[in-house]
Amino acid sequence: MKAYNPHEIEPRLQLAWDEAGLYTVPENSDAPKKYVLEMFPYPSGDMHMGHASNYTYGDVVARYAKMNGFDVLHPMGWDAFGLPAENAAIKHHSHPAIWTYENIETQKNSFSRMGFSYDWDRKVVACDPEYYRWGQWIFLKFWERGLVERRNSPVNWCPSCGTVLANEQVIEGRCWRCDSEVEKRDLTQWYYKITDYAQELLDDLDQLEGWPERVKQQQANWIGRSEGANVDFILCDAEGNAPAEPTEDDIITVFTTRADTLFGCSFFLLAPESKLVPQLVAGTEYEKPVMDLVEAAKKVTAVERAQGDREKHGAFTGRYVVNPINGEKVPVWVGDYIVADYGTGAVMAVPCGDQRDFEFARKYDLPIIPII
Ligand SMILES: [Zn+2]
């Protein structure tokens, strides 16, 4: 029996497939069509076994469909624009363009050696101007329709990498890449007004067939509810007296999806990142404990802080606001489970309707007003 010699057999067959254009997809044919797309790799080095396993699954799906008579569009490309590529280039003392295209060539050869069924005529490289011009084009369309805006807002900043990190890239307050302590920094950011589409997204979740109910519920929570109201709370003194003609500085606006729970609001919460916090406590006896809490909160990611099962920490600012629905004064606290990325960074706490507010109220002995 002849031994299987991959070095002899595979390159020969792969060359034959290539010359026959076996994986080239025709644009117009009567065959049913299938689009199989895997995540594009970062060209930050050669492939590793994780790639080999990941892309084998996609190739199995594509080949199975092809053998069942489908015309399968199965392209490959590289997520080659921006931070991971640039950081890898810096680390290897190379120019990002040289480093990136060299790695793309290396990885492409590795893909070919693995015999994956890609249509290389449809290769996508995210750092090619021919590709990213379409990203720019779409951005301009969003801009023309008022769907992007620029705002200052707190972000995770790694001083060592000199870059912004996503919440998922901060692990226990440290950079996933270099392990430096991550800071919060106010930076100008572009925001997409995805809230304009929240209702549409929610409505269309019903069209997803065969999705587990749990996953659909997660998606619904992720999208959030689009309907709600802005409610103005006015800062007052310890006796509950608010200025007769409040200025902008006296008003804190809160977005709520449940204005009907205003009666149950027994305290008021600000996120540690809220710009109001230092202003409210400056020069008072509350400044030290509040600012200590703010510093401690910076070391934890927003995702972790907002998690329900984490212990909540808070500090009283010494200030009060008037509940607009009944004129009652309610104390203003800073709570580390509030995240400023969402809305104004200020929320009314309704302990009888919200589990986290309830736990916070119990811990700090704050009133809990029952509502139906
Ligand atoms: Zn870093």
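Trainee: Which residue takes a positive phi just after H11?

Mentor: Asp-365 does, with a phi of about 55 degrees. Most residues other than glycine have a negative phi. The model is predicted, so local features need pLDDT of at least 70 and side-chain atom pairs pLDDT 80 or more, while totals for chains, interfaces and linings use all residues. Residues are numbered from 1 along each chain as its sequence is written, and side-chain values use heavy atoms, without hydrogens or water.

Trainee: Which residues of H11 are buried, and which are exposed?

Mentor: In H11 (residues 355-364), Asp-357, Phe-360 and Ala-361 are buried. Seen down the helix axis, the buried residues fall within an arc of 100 degrees (taken from the directions from axis to C-beta atoms), so they line one face. Gln-355 and Arg-362 are exposed on the other side. The buried residues pack against strands E12 (267-270), E13 (314-322), E14 (329-335) and E15 (346-349). At the N-terminal end, Asp-354 is the cap, with a side-chain oxygen 2.9 Å from the backbone nitrogen of Arg-356.

Trainee: How many salt bridges does the structure hold?

Mentor: There are 15 salt bridges, each a side-chain nitrogen of Lys or Arg within 4 Å of a carboxyl oxygen of Asp or Glu. One of them joins Lys-312 and Glu-359 at 2.8 Å, N to O. That pair links distant parts of the chain, 47 residues apart: Lys-312 is in the loop between helix H10 (302-305) and E13, and Glu-359 is in H11. Lys-312 is buried at 5% relative accessible area, whereas Glu-359 is partly exposed at 32%.

Trainee: Why are Glu-144 and Lys-141 about one helical turn apart?

Mentor: An α-helix has 3.6 residues a turn, so residues three or four places apart point the same way. Glu-144 and Lys-141 are three residues apart in helix H5, hence the separation of about one turn. Their side chains meet in a salt bridge at 3.5 Å, N to O. In helix H9 (residues 287-298), Lys-298 and Glu-295 have the three-residue spacing too, and their closest N and O atoms are 3.1 Å apart.

Trainee: Is His-74 buried or exposed?

Mentor: His-74 counts as buried because its relative accessibility is 1%. His-74 lies in the loop between strand E2 (71-73) and strand E3 (77-78). The His-74 side chain reaches the backbone oxygen of Ser-117 at 3.2 Å. Beyond neighbours within four places in sequence, the residues in contact with His-74 (heavy atoms within 4.5 Å) include Val-36, Glu-38, Asp-59 and Tyr-118.

Definitions and conventions: Buried means under 20% relative accessible area, exposed over 50%, partly exposed in between (1.4 Å probe, protein chains only). Helices (H or I, at least four residues) and strands (E, at least two) are DSSP runs, numbered from the N terminus. A polar contact is a pair of N or O atoms within 3.5 Å; within protein, one must be able to donate a hydrogen and the other to accept it, and residues adjacent in sequence count only if both atoms are side-chain atoms.
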